Amino acid sequence: MSPTLRTRIACTVYPSAGAAALAVADELRARLAGYPSLVLGLPTGNTPVPFYQELSRLHRAGLLSLAQATSFNLDEYLGLAPGDPRSFRAWMQTQLFSQVDLPANRTHLPDPVEPAAAPEESRRYEQLIREVGGIDWMLLGIGRNGHIGFNEPGSARTSRTRLVELEAKTIADAAKTFGGEQHVPRRAITMGIGTILEARAIRVMAFGSAKAEIVQRALTAEPTELVPASLLAGHADVRFLLDAESAQLLGQ
Ligand code: GLP
């Protein structure tokens, strides 16, 4: 832990990604114990994998139930067939939904609609979030370009759920999953930064030295739409959870 770090956004540095994931899972378990019908905002990516593994373990051990919870994922690719194994829906099914007791009808991701239908799908998603009273606890990762969800640099602080075009860096990072950059979808639907900022609590995980530079910019720079994660600075309950590698440029 590093209480001396001077950052614009609260952060805790853990000895390892696994230790950070345990801490986040523990916080969620405690919140669920007090309020089982929690509404969760959830990310995909490599970063949350140890967190989802820990939730699955806690559930198998009888220590965690999501039976009354609801989830909303941040984003989904467009241009994939429904059920495509590379979709975020399929990824969530494997990593979490099939491992815990979250009812299928309360797991939400944007539907991979045709681009022309994206505005309507985006309004539907926002409406669903409003109907359940908003997101209580939102977990995020961060892209190497500072994106949260798929809010690429330049996304407005007030942006809502919408269709976005992915940046070259984002496409390059997804190339492995898709078997080459040419197969990566160019578009997605993502919750907006305004949507994310309405969550009552926000936790951001970032691990590894590849994230060190963007973590430093997000946490120490003047908030700017050029680094979307830096816009979290004004939120009342936000915290970054880092490992030593992603935190290595802080405090310099
Ligand atoms: C993806 C997702 C983000 C995620 C980010 C980082 O594109 N849309 O929600 O936080 O990239 O991914 P990773 O955790 O694999 O580094």
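Helices (H or I, at least four residues) and strands (E, at least two) are DSSP runs, numbered from the N terminus. The structure is a predicted model, in which local features need pLDDT of at least 70 and side-chain atom pairs count only at pLDDT 80 or more, while totals for chains, interfaces and linings use all residues. Residues are numbered from 1 along each chain as its sequence is written, and side-chain values use heavy atoms, with hydrogens and water left out.

**S87 and helix α3**

S87 is located in the loop between β4 (75–77) and α3 (88–97). The residue is buried, with a relative accessible area of 5%; buried denotes under 20% relative accessible area, exposed over 50%, and partly exposed in between (1.4 Å probe, protein chains only). When neighbours within four places in sequence are set aside, S87 is in contact (heavy atoms within 4.5 Å) with E76 and L80. The S87 side chain also reaches two backbone atoms: the oxygen of D84 at 2.8 Å and the nitrogen of A90 at 3.1 Å.

A90 is itself one of the buried residues of α3, together with F88, M92, L96 and F97. The elements that cover these residues include β2, α2, β3 (70–73), β4 and β5 (107–108).

**Helix α1**

The 18 residues of helix α1 (residues 17–34) should span 26 Å at 1.5 Å a residue, and the end C-alpha atoms are 26 Å apart, which agrees. The expected span is 1.5 Å times one less than the number of residues. Buried within α1 are A20, A21, V24, A25, L28 and L32. They cover an arc of only 130° around the axis, and therefore lie on the same side of α1; the arc is that of the directions from the helix axis to the C-beta atoms. Their packing partners are β1 (11–14), β2 (39–42), α2 (49–60), β6 (137–140), β9 (201–206) and β10 (238–243). On the face turned away from the buried side, α1 carries the exposed residues A30, A33 and G34.

**Ligand site**

| Residue and atom | Distance to a ligand oxygen atom |
|---|---|
| N46, backbone N or O | 2.8 Å |
| I142, polar backbone atom | 3.4 Å |
| H147, side-chain N or O | 3.2 Å |

Taken alone, the ligand exposes 390 Å², of which the protein buries 84%. Accessible areas come from the Shrake-Rupley method with a 1.4 Å probe; for residues, only the protein chains shown count as cover.

Terms used. A polar contact is a pair of N or O atoms within 3.5 Å; within protein, one must be able to donate a hydrogen and the other to accept it, and residues adjacent in sequence count only if both atoms are side-chain atoms.
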